[in-house]
Amino acid sequence: MSDVRPKKALGQHFLTDLSVAQNIANALLAPEATAENPLPVLEVGPGMGVLTQYMLQRPEIDLKAVEIDRESVDYLLVHFPQINGSLIEADFLRLKLEQFFPGTFCVIGNFPYNISSQIFFKVLDYKEQVPQVVCMIQKEVAERIAEKPGTKTYGILSVLLQAWYDIEYLFTVGSGCFNPPPKVQSAVIRLVRNSRTDLGCDEKLFRDVVKTGFNQRRKTLRNSLKPLIQAKAAREGWDAEKLAAFVSDPVFELRPERLSVEDFIALTVKLG
């Protein structure tokens, strides 16, 4: 069977550098797993199996893979027959992962650039089940996710992921390692679940505060969070004087990139 044709609509850029693929596979940590007690792992978008082949060589890993592209599914079943029964033909973003993983599982993959942010939001939905993610994504997105407060690249994903995961930028991958070559560089990062079990605030409101703040990142939080501030004022029945006293807090003078995860948690508590 011939190689799979990369499809622009699916954001497919197939990794062709085998040493990079092996390094990605090796970046998934499984120190306590054994062949008798393997670590459940889900590979997202295996394509032609360049990463899959190295994952299958690790006896301490119980691998499943999810692939939306029928041509890739056919290719994988021909070239990696041992994955038969563990290959899910579906859209990862629509998958009810608990049907395949009743307990914890790790995620690995060369994520399609056009849906990488959506994949991370899905991981956040399953954060209690996903202790580790190893992935290759656009370099710019990788830098943003790993970034610390106070910079222009620090943003929504930085805060939401760093609230629950420790993030390591592992290595950069040049565009020449792919077919077709993307117009951007790529990078591999590893996310390991931190010890946080509870934010200490309403989690949905936390997401809303972070997203609303960064959606108008050039404005101060007093202006960008106006809808949330007004909603609280209405709930509490504040008059103009009480509202003015509330927004006089110095935090509202800041732009969102100045706030750490803990600052956003404190702000969420304030707005709750």
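This briefing describes selected features of the structure shown above. The model is predicted. One of its strands, S5, covers residues 106-110, and five of the five residues in this strand are buried. A search of the whole structure finds one cavity of 30 Å³ or more, and a cis peptide bond joins Asn 179 and Pro 180.

- Strand S5 is largely enclosed by the rest of the structure, because five of its five residues are buried.
- From S5, Cys 106, Ile 108 and Asn 110 point one way, while Val 107 and Gly 109 point the other way. The residues on both sides of the strand are buried.
- Strand S2, made of residues 39-44, runs parallel to S5 and is joined to S5 by three bridges. Within this pairing, Leu 42 has Val 107 of S5 as its bridge partner.
- Strand S6, made of residues 132-138, also runs parallel to S5, and four bridges join the two strands. Here Ile 108 has Val 134 of S6 as its bridge partner.
- Helix H4, residues 116-125, belongs with S5 and S6 to a β-α-β unit, and this unit is right-handed.

**The second largest pocket**

- The volume of the second largest pocket is about 220 Å³.
- Cys 106 is among the residues that line this pocket, and Cys 106 is also one of the buried residues of S5.
- Other lining residues include Leu 29, Ala 30, Pro 31, Glu 32 and Ala 33. Asn 37, Pro 38, Leu 39, Thr 104, Pro 131 and Gln 132 also belong to the lining.
- By class, eight of the lining residues are nonpolar, three are polar and one is charged.

**The largest cavity**

- Rolling a probe the size of a water molecule over the atoms shows where empty space is left.
- The largest cavity holds about 40 Å³ of space.
- Its lining consists of Leu 124, Leu 160, Trp 164, Glu 203, Phe 206 and Arg 207.
- Helix H7, residues 203-215, supplies the largest share of this lining, namely three residues.
- Four residues of the cavity lining are nonpolar, none is polar and two are charged.

- Leu 157 lies in helix H6, which spans residues 156-162. Its relative accessibility is 6%, so Leu 157 counts as buried, the cut-off being under 20%.
- Leaving aside residues up to four places away in sequence, Leu 157 touches Ser 117, Phe 120, Phe 121, Ile 145 and Gln 162.
- Leu 157 and Ile 115 are 42 residues apart along the chain, and their C-alpha atoms are separated by 13 Å.
- Ser 224 is placed in helix H8, which spans residues 221-224. Ser 224 counts as buried because its relative accessibility is 0%.
- Leaving aside residues up to four places away in sequence, the contacts of Ser 224 are Thr 212, Gly 213, Gln 216 and Lys 219.

**A cis peptide bond**

- The peptide bond that joins Asn 179 and Pro 180 is cis, with omega at about -10°.
- Pro 180 is found in the loop between strand S8, residues 178-179, and strand S9, residues 186-193.

Technical notes
Residues are numbered from 1 along each chain as its sequence is written. This is a predicted model: local features need pLDDT of at least 70, side-chain atom pairs count only at pLDDT 80 or more; totals for chains, interfaces and linings use all residues. Side-chain values use heavy atoms; hydrogens and water are left out. Buried means under 20% relative accessible area, exposed over 50%, partly exposed in between (1.4 Å probe, protein chains only). Two strands pair if DSSP finds at least two bridges between them. A crossover is right-handed if, with the strands pointing away from the viewer, the path from the first strand over the helix to the second runs clockwise. On a 1 Å grid over the protein atoms alone, a cavity is a set of points where a 1.4 Å probe fits but cannot get out, and a pocket is an open set with protein on both sides within 12 Å along at least five of seven lines; lining residues have an atom within 4 Å of a point. Grid points are joined across faces, edges and corners, and a volume is the space filled by probe spheres set on the points. Ala, Val, Leu, Ile, Met, Phe, Trp, Tyr, Cys and Pro count as nonpolar, Asp, Glu, Lys and Arg as charged, and the others, Gly among them, as polar. Contact means heavy atoms within 4.5 Å.
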